[in-house]
Amino acid sequence: IRDVAVTGVQTCALPILQEACFRIYNDWLIDFCSHEPSRMFGVCPVSLYDIDQAVREATRYKKAGMKGLMIWQVAPDEFSFATKHYEKFWAAAQELDMRVSMHVNTGAPYVVGSADKWGRDLVTRMTKLVAIKSLHVQQSLIQLIMSGTLERFPGLKLVLVENEMSWLPFFLWQLDRYYSRTGEFDNPGMTMLPSEYFRRQMYATFFN
């Protein structure tokens, strides 16, 4: 595996493979949707290791008539949603009016091909499926809201895909409650409560 420089970060060939796989799939998706554009709306996965590449691809998919983008839900530690790594991508998604979906079970902890991803004993399996899986999406939401991302990009629209919904009212109430007690911390320019950003710019889906 050869090392390559991607936006100043040393990484391995995996991002290049991911970019290539996504391009191939999205080219197929563009062709598939082109046969019934009034009924089929494509959402294209985008690799986020190289943000300049991600912006180029997002622009290409918009021009091809696609309606949205899909990104990892759990970012690698070095690419936390609380960092400025994504600024160009958020700006592009906002300008292109492309909804950005974050799908359950995607990102750093979910290694493809791992037979023991959820664990083999009942306690481990239930802990990962019920508690840790919920923790992952909640951490990403906190990173996006409390870093001021939604303040800086008020036209950015994010969709939580297949993460269920019943936990959201309590979660957002807790965010508002503890945010109101953090006056001694640096505020990243937020002008609204966390729940207000969610209501303005985020959507959630459920499945059964």
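**A buried residue and its surroundings**

Tutor: Glu 57 has a relative accessibility of 10% and therefore counts as buried, where buried means under 20% relative accessible area, exposed over 50%, and partly exposed in between (1.4 Å probe, protein chains only). This is a predicted model: local features need pLDDT of at least 70, side-chain atom pairs count only at pLDDT 80 or more, and totals for chains, interfaces and linings use all residues. Residues are numbered from 1 along each chain as its sequence is written, and side-chain values use heavy atoms, with hydrogens and water left out.

The side chain of Glu 57 meets that of Arg 60 in a salt bridge of 3.1 Å, N to O; the term denotes a side-chain nitrogen of Lys or Arg within 4 Å of a carboxyl oxygen of Asp or Glu. The two residues lie three apart in helix H2, so about one helical turn separates Glu 57 from Arg 60. Helices (H or I, at least four residues) and strands (E, at least two) are DSSP runs, numbered from the N terminus. Arg 60 counts as partly exposed, at 30% relative accessibility. Asp 27 joins Glu 57 and Arg 60 in a network of salt bridges.

Glu 57 also belongs to the lining of the largest cavity, together with Glu 19, Phe 22, Arg 23, Asn 26, Pro 45, Val 46, Ser 47, Gln 53 and Tyr 61. On a 1 Å grid over the protein atoms alone, a cavity is a set of points where a 1.4 Å probe fits but cannot get out, and lining residues have an atom within 4 Å of a point.

By residue class, the lining divides into four nonpolar, three polar and three charged; Ala, Val, Leu, Ile, Met, Phe, Trp, Tyr, Cys and Pro count as nonpolar, Asp, Glu, Lys and Arg as charged, and the others, Gly among them, as polar.

The model has six salt bridges by this rule, including one between Arg 152 and Glu 87 (2.9 Å, N to O). That pair links distant parts of the chain, with Arg 152 in helix H5 (residues 149–152) and Glu 87 in helix H3 (residues 87–96), 65 residues apart.

Key: 1 Å grid on protein atoms, 1.4 Å probe; cavity = no way out; pocket = protein on both sides within 12 Å on 5 of 7 lines; lining within 4 Å.
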